[in-house]
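Have the viewer open as you read.

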Amino acid sequence: MSLIEVEGPFLSLPVLRAVWPTLDTLDKPTRQALRIAHAKWQESPAEHHDAWLDFVLRELTGWSDELLWSDSGLLEPLSLDVTEHDTRLTPSFALISPNSEVKPTTTHVLGIALQPGTHPTTRLKGDAWAATPADRLARLCRHHGVQLGLATDARWWTLVWAPRDEVTTTATFDAIGWSESAEQDIVRAFVSVLGRRRFFSVPDEEKLGALLAESKHSQEDITEALGIQVRQAVELLVAAIGRADTAGGNAASAA
């Protein structure tokens, strides 16, 4: 939690501790492949931009053949025309259920790939529409009823949680140091949250969207309980002040 930038309700500590007593591990071949792919991307970010994205999504997270890119021509059903801004939003990639037709009900994650140096949570330069890429992705997600999105420029990876009629949450991972041993925790966290297993190999209540919803409800319960405690404390304080005033008035009358 201390290594990522979070805005909005995210995974709560009780949920994290219950589901991930330890973070998912990376085996030695995966670590070696990560170092090679990361080094190539860092050596020439523009040249290896697409290859790095594909490595992270297809191999590191294990999305494999369930990862579809827009150049396949299969993601048009997941587009959205935003007429008031004369813009068409089309996902750059998506995670689809195995052996399924591409449609909102079979889509687990919608993604937007950005140009290098474009932070997902900042406004696009020269664009009249003030919405950030993460905001646009949240709108696309809500339109199709797909709660989860991922916006990235290769360095910054912003997970977007956008349930309908609720606030948007963003959690941003920085990939700049992923090949270093000191940064392995954040890579493992990324894989733990977005790995293939979290979408296809766990019970429904342990899938990422359900865990985020459970975390939000538990946080709301905690907030409500704290609110009650604060109100009770204020009431006790007011009562104590009232008793002190009464006692002071009685003492003055007696004098």
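**Salt bridges and surroundings**

Asp174 counts as buried, with a relative accessible area of 18%, which falls under the 20% cut-off. Keep in mind that this is a predicted model. Asp174 pairs up with Arg155 in a salt bridge, 2.8 Å from N to O. Arg155 sits in the loop between β7 (148-152) and β8 (156-161) while Asp174 is in strand β9 (residues 169-174), so the pair ties together parts that are 19 residues apart in sequence.

**The chain overall**
- The chain has 255 residues, and 41% of them count as buried.
- You'll find 7 helices and 9 strands in it.
- Take the contacts between residues at least 6 apart in sequence: 56% of those join residues at least 24 apart.

**More on salt bridges**
- The whole structure holds 9 salt bridges.
- Arg155, the partner of Asp174, is partly exposed at 30% relative accessibility.
- Helix α3 (residues 49-60) carries both Asp54 and Arg58, 4 residues apart, or about one turn of the helix; their side chains meet at 3.2 Å, N to O.
- In helix α5 (residues 184-194), Asp185 and Arg188 are 3 residues apart, and their salt bridge spans 4.0 Å, N to O.
- Asp185 is partly exposed at 42% relative accessibility, and Arg188 is partly exposed at 21%.
- Glu76, Asp81 and Arg88 are linked in a salt-bridge network.

**Nonpolar surface**
- Met1, Val6 and Leu13 make a nonpolar surface patch of about 260 Å².
- Met1 lies in the segment before β1 (5-7) and counts as exposed, at 51% relative accessibility.

How values were computed:
Residues numbered from 1 in each chain as written. Predicted model: local features only at pLDDT ≥ 70, side-chain atom pairs only at ≥ 80, totals over all residues. Heavy atoms only, no water. Helix = DSSP H or I, 4+ residues; strand = E, 2+ residues; numbered from the N terminus. Buried < 20%, exposed > 50% of the residue type's maximum accessible area, 1.4 Å probe, protein only. Contact = heavy atoms within 4.5 Å. Patch = residues over 30% accessible without salt bridge, like charges linked within 9 Å, V, L, I, M, F, W, Y side chains within 5 Å. Areas by Shrake-Rupley, 256 points an atom, 1.4 Å probe, with all protein chains shown as cover.
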